[in-house]
Amino acid sequence: MVSVKQIGFGLGLLSTALFLACTASADTTNPKNTSGAAFGKPISEQALVLWNIDIRTQDGKGLPPGSGNAVVGEKIYNEKCLSCHGADAKGGAMYGTMVGGIGSFKTNTRVLTPGSMYPYAPILFDYVRRAMPLTAPQSLTNDEVYALSAYILNLNGLVDKTAVMNSTSLVAVQMPNKDGFYVDDRPDTQAVRCMTHCK
Amino acid sequence: MKQHEKEQLLQIVKSSEKDIQADISITHGRRSFLRNTVAMAGSAGMLGASALANAQSDVLPIPESNKTMGNQLKFESYGVPSKYESNVKRRRSDILVNKQQYSDWSMTPIQSTPGIVTPNGLFYERHHNGFPDIDPDHHKLVVHGMVAKPLVLTMNDIVRYPTVTKFYFMECSGNGLTDWLTAKSKTVQQTHGLLSCAQWTGVPVSWILDEAGIDPKATWLIAEGADASGHFRSIPIDKMLDDALLVYAMNGEMLRPENGYPLRLLLPGWEGNVSIKWLRRIKAGTEPWHARGETARYTDPMPGGKWRKFSFVMEAKSVITNPSGGMQIQPGFNEIRGYAWSGNGKINAVDVSVDGGKNWQTAELEEPVIDKCLTRFKFNWKWQGGPAQIVSRCVDSTGYVQPTVADIQKVRAITGFVQHHNGLFPWNVSSNGEVTNGIG
């Protein structure tokens, strides 16, 4: 409440503000379950095999068997992806470019593509498998997803055209934006509650 | 009463009559605000004896509705708003138009939602591949990963638990991203309409995690949707154990399909996209997953080419909703109304400036004032008729003061699709009463 003690501030208002500050608390914390209600039924991890598709992308945990390279990926792309993303993934009817932008983040026009933005290459596998193509998500085989990942990485100059992507090689791809992130450190602004003759 | 005051009053009464005859809506849009202000100014003037001399003398006819049978009740019905309110709708942005309408968003007309509750049909939407309408009899939630006993729950199971009901706002991290530095959007719906508020009912996530025997070493969980994007986010366990809810109802009815029917996660005060809709799976682990939706998207550009990640909280923010862009006001009394909210607590105070931020006065907060919920503020303003710039600023229960865009620009990079815009937002009022976007 330091900031409300700033200039130009009537006594009545100040006391109101302090009162409110004293009454503020974490009202939102949930109550404990004291009812004994427990209705979940046990389920085995085996039963979840088709649902358990998340990849922990920094180390590839969860990547399935399978493989593919950009040569194969280009064919799949042209058949299943090109209509929305355009030739050579440079942008199409539904979506902008997925190529380039590496080095653009220190300019005023940041170009966000898998190549420039993704810190970890397995993000490609995770996202393409669960969400693409838009019209038929979760329809691609694991081999197809590895091949498409390889193709997009190759278009961004990050792997050779014949490099085989699988559960180990995909993790090993060095992404340019690997160290580009840091964890939320807000509040980062220092606004003051000026009341009169401000600016 | 002086002659010029008489003339002014006469003019007000005349225009009031015109509005009544025009039979226009009382609650929405540009004309409604004009009429509200006119009606108030008119009734205040009627108190004076000299005003009676100018009183309307035409006999008011009996309204048709007094003379005609009303609409017959239906045996079964789900009510809809008056046809005169048909322009109160969710709308997409005119500034950022996507090439498709599946990964897209719609915005709440917050200039037309009195009080703090957003009607379910006006609640803003953000989908990543459209919205499904899932049969609740077939929907399942699974909890697995680092738990002693992986569990599956049906909707019938979930609604059997004791209920927890709370009011919370929801705001998209992208709210305002089209209007950081230059005025682009015309209305508050399009500058701030990725904002809504509801009374939510559900079950604490912590109860289900306890039931599954969450591993004490688990620090992060994912929540994943059953939609066509399989949208998922990594969430710190502290939030899940504190105030996270598994929600199945909002505002007195089951969730709408657009809002996650039959089950969604609700993380109070956090950016909307982490409150996973159509929730099908929670998995416990020891690290975040770094999904596309928390690296390539929903991260914030920072100076030096860097990005801020896991910026979940929606910090304190306020905006004037009435009058706002596209409206027209009349000289004299105008109630300035708006919303304030904070993902970090309650709203302690809202200040309003009518001179572009040089001088500020404290607005009234309308009860209830609830933690992580929209709060209504009101401010009585006598507009003298000259150009003005009106703007609001809030302080939350942590002492945090809503910053200016310039304050934010000092510490972040405002480039591209920048999220988490909680800066002050001015509206310009021209000398003829037109209200327009005052950014820039």
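**A helix pair and a chain interface**

In α5(A), A:L124, A:F125, A:V128 and A:R129 meet A:V145, A:Y146, A:L148, A:S149 and A:I152 of α6(A), where contact requires C-beta atoms, placed from the backbone, within 7 Å, and where helices (H or I, at least four residues) and strands (E, at least two) are DSSP runs numbered from the N terminus. The residues of this contact divide into 7 nonpolar, 1 polar and 1 charged, with Ala, Val, Leu, Ile, Met, Phe, Trp, Tyr, Cys and Pro counted as nonpolar, Asp, Glu, Lys and Arg as charged, and the others, Gly among them, as polar.

This is a predicted model, in which local features need pLDDT of at least 70 and side-chain atom pairs count only at pLDDT 80 or more, whereas totals for chains, interfaces and linings use all residues. Residues are numbered from 1 along each chain as its sequence is written, while chains are lettered from A and ligands numbered from 1 in the order in which they are written.

The axes of α5(A) and α6(A) (residues 142–155) lie 9 Å apart at an angle of about 125°, the axes being lines fitted to C-alpha atoms, for helices over the stretch in contact, and the angles running from 0 to 180 degrees between N-to-C directions.

At the interface, 68 residues of chain A are in contact with 79 residues of chain B. The largest share of the side of chain A that touches chain B, 5 residues, comes from α5(A). By class, that side of chain A has 38 nonpolar, 16 polar and 14 charged residues.

Key:
Two residues are in contact if their C-beta atoms, placed from the backbone, lie within 7 Å.
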